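Please look first at the sequence and the structure together. The paragraphs below then lead through selected features.

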Amino acid sequence: MERSLYQEICQGNRLRENLTALRQEIRDEGKRKRLAYEIGGDFTVFTGLLENEDPKVRKSAALILGEMECPDLVTPLYEAYEKEETLFVRSSYLKALAAYDCRELFAKLRERLAWLDRQQTLPEEEKHRREEAAALQKLLLGQEKQKKHRFTGFEERVEVILLTNRCQRDVTAALVEEKEAAERMALLAGGVRVLTSRLARLWEIRTWSEMLFTVPGMRYVSMEPKEAAAALAVPVQRLLNRLHEGKFPYRFRLDIRGRKRGAEEASKKGDLIRRLAAAIEMESKRELVNAPSEYELEIRLLETKNGQWVPLLKLFTLADRRFLYRSQVVATSIAPYNAALIMELARDWLKPHAQVLDPFCGVGTMLVERARLMPADPLYGVDIYEEAVQKARENAELAGLPIHYINRDIRDFTHEYLFDEVISDMPGTGKTRDKGQILELYESFLNRIPVLLKKNGVLVLYTGEPDILKWCMEAHSGLFPEKEVELNEKNGSSLFVIRYTGE
């Protein structure tokens, strides 16, 4: 197919259509190699088309040359770029050049980028000028050695928002107080706002999911891109420079979050992100560079009901090392910060050096977080799924914990001694499963409690089927509920702390 298309192009037949079709074909590596063999290093047909009167022909020819892995094509591509007067074509030459070593052209490319930044662009030209600047920036970033800023602001006075479980924000707030990590603190709808100069202490808390930095002196910005960029650029730069070492541009990605949108509005959102990112680059004099695939920070804008954005920063220069052990997961794995939250909620019923069993252990997150809260030994995990058990063993090794994992159905599991605690993320949590199967499993599991748990032992069970669990518990007079708390309003999941009285 690629050979016949090339021959048609050589004859000048239906150039637009055949070039487009050829571009699609050579996305396949094998077909691309066959075309290169067919050409035999002679690219004059395509380089000649860079001077074709049809701009769409020039664009397709340039993009094809970018796929051909021939360094000799850098010069004709760059010369064609310099001559190109049709704005929508210019970025295609840069995309093609990005496949080659262009470091000798960097001075000229930076000069062109600076020139674009100085120009007053007509509204009808703005999109294409923005695309050219973005392609230039991407080419330069892609071929320069990427330097990384080093976070040094652990003792700086900053305000952060810790995103937490919405139903149990008080738990994280209490831990912040316990660590004496806050100069000032307030509860928000989805987390805790903390003013602190003891940032490192917040990383000792395992119950929050994300840390977002507020921009000093700025609660809201306009939803008009140029106004937002003008307001954001300098304060963001100042904060970043205060918290980092390294005098070179910061690479960012932009994320806008708000109400749910249809397909058409989602498309508009993409264009809005591109316009705003370009405006931030210009306002910051390119000290902030849009690099969606290799970024150091995320500028996150939360849409409000009053038609403004709340600006927040997520810094990837500040590595989250709290859950490094969790290298292996399966689709049903509980989030580690939720497992840590469950352990905190159950803390008053747990005891040091307890013998602990997780009967539906998955990849072992609950057991690791139990051991992180207070010492426990031994820890046993049982699961019917072999893949999950293998992954749990790998996670335990990374955590440095001697957890014993067994690939078995808990309904057939026996042990030489009874356990002090049974903890688990129960099957059915957050998943669509057959209610009858869940009922049968829960009944069978609770029937096994006398051969698993000591008298006055504790069960810590997280479930997405609280009604089924409560119904099953009613048939067991020896199970006394100590605590029930809701963890997720949307899926109805709850935590139960249950005392086994042995009656």
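Predicted model: local features only at pLDDT ≥ 70, side-chain atom pairs only at ≥ 80, totals over all residues.

Residues are numbered from 1 along each chain as its sequence is written, and side-chain values use heavy atoms, with hydrogens and water left out.

Two packed helices are described by the angle between their axes and the distance between the axes. Helices (H or I, at least four residues) and strands (E, at least two) are DSSP runs, numbered from the N terminus. Axes are lines fitted to C-alpha atoms, for helices over the stretch in contact, and angles run from 0 to 180 degrees between N-to-C directions. The axes of helix H2 (residues 15-25) and helix H5 (residues 55-65) cross at roughly 25° and come within 9 Å. H2 is therefore roughly parallel to H5; angles under 35 degrees count as roughly parallel, over 145 as roughly antiparallel, 65 to 115 as roughly perpendicular and the rest as oblique. Where do the two helices meet? Contact means heavy atoms within 4.5 Å. On the side of H2, the residues are Leu-15, Arg-16, Leu-19, Thr-20, Leu-22 and Arg-23, and they meet Lys-56, Val-57, Ser-60, Leu-63 and Ile-64 in H5. By class, this contact has six nonpolar, two polar and three charged residues. Here Ala, Val, Leu, Ile, Met, Phe, Trp, Tyr, Cys and Pro count as nonpolar, Asp, Glu, Lys and Arg as charged, and the others, Gly among them, as polar.

The aromatic rings come next. A search of the whole structure finds nine aromatic pairs. Rings of Phe, Tyr and Trp (its six-membered ring) pair if their centres lie within 6.5 Å; planes under 30 degrees apart count as stacked, over 60 as edge-to-face and the rest as tilted. The ring centres of Phe-360 and Phe-445 are 5.4 Å apart and the planes are at 70°, so this pair is edge-to-face. It links distant parts of the chain, 85 residues apart: Phe-360 is in the loop between strand E12 (354-358) and helix H15 (365-373), and Phe-445 is in helix H17 (residues 435-447). Both Phe-360 and Phe-445 are buried, where buried means under 20% relative accessible area, exposed over 50% and partly exposed in between (1.4 Å probe, protein chains only). Tyr-417 and Phe-419 form a tilted pair, with 5.8 Å from centre to centre and 55° between the planes. Tyr-417 is partly exposed at a relative accessible area of 25%, whereas Phe-419 is buried at 0%.

Helix H14 (residues 336-345) is mostly covered, with eight of its ten residues buried. Among them are Pro-336, Leu-341, Met-343 and Glu-344. The elements that cover the buried residues of H14 include helix H10 (169-178), H15 and strand E15 (419-425).

The backbone also deserves attention. The peptide bond from Asp-377 to Pro-378 is cis, with omega near 0°, and Pro-378 is found in strand E13 (residues 376-383). Arg-286 is not a glycine, yet has a positive phi of about 60°. Arg-286 lies in the loop between helix H13 (263-283) and strand E9 (288-290) and is buried, with a relative accessible area of 11%. His-353, also not a glycine, has a positive phi of about 60°. His-353 is in the loop between H14 and E12 and counts as exposed at 56% relative accessibility.
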